[in-house]
Amino acid sequence: MPSPTRKMKRPGAAFRAVASVLAVAAVTSALGGCTRMETTAPSAVRSADARARFGTVDCREAKCIALTFDAGPSEHSTRLLDILKREQVPATFFLLGERHIERYPELVARMAEEGHEVAGHTWTHRILTELEPEEIREELERPNEEIERLTGRRPTLMRPPQGRTNDTVHEICRDLGLAEVLWSVTAKDYRTTDSGLITRRVLAQSSRDGIILLHDIYDGTVPAVPGIIDALKKRGYVFVTVPQLLAPGEAEPGKVYR
């Protein structure tokens with residue numbers, strides 16, 4: 001599977017066709033009817049009688065939604081961070097190691113400094129369910145070590161490439177102190193550069209406690225973000241990170257959240 005960096009620079013018709021097939025398969029297996037997959041909704045994590053609030057938002061009362069971005073940082077991430085800062089919107093970034101964290105360490109640090117949640121998306125974007133346990137562990141540990149070095153905080157969340165996970169991945173995540181985060185909204189931005197279409201897809205699927213999947217490596221995605229933010233704010237949504245979405249509960253290592 002080509003690296004996300006090369007995808008970003010030269011998507012090409014051939015890549016888009018391959019990506020579409022893989023993505024559809026991933027969504028089907030991970031999100032669309034895998035009977036063995038047990039996922040936990042954000043609302044199920046929040047304790048009804050807890051009094052604590054996370055920052056200024058209490059998602060037991062507010063209409064919350066989480067923006068998440070996979071496979072960066074990239075050449076588009078500076079613009080994205082500028083938009084999020086201007087709009088005062090926190091996001092959750094699931095970062096790739098090779099040619100991403102390595103290439104843009106200053107953006108990783110900036111994400112953390114500006115209040116975003118920084119998490120891992122493996123080192124090389126290999127499909128975890130196709131790997132041996134020691135390979136899975138390495139794919140998860142390497143980006144986390146770099147993120148901790150750059151931000152001073154070790155990630156507690158991860159997102160498996162293409163959403164593909166299984167019992168072995170769960171067990172290793174539990175051992176590493178990581179919870180898995182999938183999504184409830186996908187714009188399929190890997191299949192189009194049409195920012196308007198990306199916006200419409202997100203808005204059509206969004207609901208309270210939603211987790212939106214986007215990729216800041218593709219040309220059409222970041223230009224769509226201002227419109228997404230504006231429209232969802234007008235609908236009464238409050239943007240939060242994934243930990244804020246679960247608060248005052250916390251994600252449990254080894255479990256899958258969507």
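**Helix packing**

Modeller: Happy to! Helices α7 and α8 are oblique to each other, because their axes cross at roughly 50° and oblique covers whatever is left once angles under 35 degrees (roughly parallel), over 145 (roughly antiparallel) and 65 to 115 (roughly perpendicular) are set aside. Bear in mind that this is a predicted model, where local features need pLDDT of at least 70, side-chain atom pairs count only at pLDDT 80 or more, and totals for chains, interfaces and linings use all residues. Residues are numbered from 1 along each chain as its sequence is written, and side-chain values use heavy atoms, leaving out hydrogens and water.

Helix α7 spans residues 133–151 and helix α8 residues 167–176, and their axes come within 10 Å. Helices here are DSSP runs of H or I with at least four residues, numbered from the N terminus; axes are lines fitted to C-alpha atoms over the stretch in contact, with angles from 0 to 180 degrees between N-to-C directions. The α7 and α8 crossing is right-handed (near helix turned clockwise from the far one by less than a right angle). On the α7 side, Pro 133, Ile 136, Arg 137, Leu 140 and Glu 141 make the contact, facing Thr 168, Val 169, Ile 172, Cys 173, Asp 175 and Leu 176 of α8; contact means heavy atoms within 4.5 Å.

Now for α4 (residues 77–87) and α10 (residues 221–234): their axes lie 9 Å apart at an angle of about 20°, so α4 is roughly parallel to α10. The crossing of α4 and α10 is right-handed too. Among the α4 residues in this contact are Leu 80, Ile 83 and Leu 84, while α10 contributes residues including Val 222, Val 225 and Ile 229.

Notes: Helices (H or I, at least four residues) and strands (E, at least two) are DSSP runs, numbered from the N terminus.
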